[in-house]
Amino acid sequence: MGFEGGAAGVGPDTSKASIARVYDMFLGGKDNFAVDREVYEAIQAVSPHGDDVAKSIRRWLIRVVRHLAGFEVGIGQFLDIGSGLPTVDNTHEVAQRHNPDATVVYVDNDATVAAYGRALMEENDHTHFATSDLRDPAALLATPQVAKLDFSQPMVLIQCATLHHVDDDADPAAFMRRYADALPSGSYLAISHWWDPREELPEGHRMARELEQRWRESSMATGRYRTREEITELFGGLELVEPGLVELNDWWPDGPGMREPSLVERLILGGVAYKP
Ligand SMILES: C[S@@+](CC[C@H](N)C(=O)[O-])C[C@H]1O[C@@H](n2cnc3c(N)ncnc32)[C@H](O)[C@@H]1O
């Protein structure tokens, strides 16, 4: 069921598109307004494979959480910042499938996520949701929900497809260093981020420029395709684990690649860093 028909003036702002709702559309969700659909259409007009991007982001997140919660690493705390609307295989479902005692704290600043997502995401005593702005690490880390995490034990901090919605003037490299500094020893930081490949992939560079313009001109008015070097800086000086910062489908795939990714699907990199 969608949101259409909700009482005017109550709940989320429907005069401009919401990042969370537009992203949910790419994942096949139904919870959106006309203003979100306009952005979705404008992006699909540049490349009709936007849904593949959202699916490969979700598949990457699932592989990362499964690896870090599971037998190999066994981390029991996850801080998923910019969690988005609940969808298939949410972080807590994947983490708790592999580590039933894992605590998961979700954070988002989107009113739709807070209004409609909280109940679904806070489905057990180990799972919590906080409303906070990721650009302010001190305030976010001080929320009562995040304070439920034990900062003397390793944790996983996730920024999945979030930081490309942060403009340069908010200095994401600086605030990400503050998150990295706050992480206990033995923790991991996972980031996926839109990529401008420049000369590494010239046709991808052209598409990244065009997509960025469409996102920024939309009512969402956000979106930055950053270079490999700029994305690397967001790891706050922590060391990337194998295979480094790579196209999402190349980060420990589940099996042999059975199809060529579309160009737009290649315009996002992911990596996981470790804090010794
Ligand atoms: C593209 S969605 C990704 C959702 C989820 N991480 C995933 O991979 O499925 C980006 C999310 O980041 C959230 N977000 C963007 N800017 C934010 C901010 N300044 N503070 C908190 N959350 C933010 C949006 O509301 C949205 O839910």
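1. Where H1 and H2 touch: Arg21, Val22, Met25 and Phe26 of H1 meet Val35, Asp36, Arg37, Val39, Tyr40, Ile43 and Gln44 of H2 (contact is heavy atoms within 4.5 Å; helices are DSSP runs of H or I, at least four residues, numbered from the N terminus). Those residues split into seven nonpolar, one polar and three charged (Ala, Val, Leu, Ile, Met, Phe, Trp, Tyr, Cys and Pro count as nonpolar, Asp, Glu, Lys and Arg as charged, the others, Gly among them, as polar).

2. Bear in mind that this is a predicted model, where local features need pLDDT of at least 70 and side-chain atom pairs 80 or more, while totals for chains, interfaces and linings use all residues. Numbering starts from 1 along each chain as its sequence is written, and side-chain values use heavy atoms, leaving out hydrogens and water.

3. On geometry, the axes of H1 (residues 19-26) and H2 (residues 34-46) come within 9 Å and cross at roughly 55 degrees (axes are lines fitted to C-alpha atoms over the stretch in contact, with angles from 0 to 180 degrees between N-to-C directions). The two helices are therefore oblique to each other (under 35 degrees is roughly parallel, over 145 roughly antiparallel, 65 to 115 roughly perpendicular, and the rest oblique).

4. What about the second largest pocket, and which helix gives the most to its lining? Helix H3 (residues 50-69) does, with three residues. By class, the lining has five nonpolar, four polar and eight charged residues.
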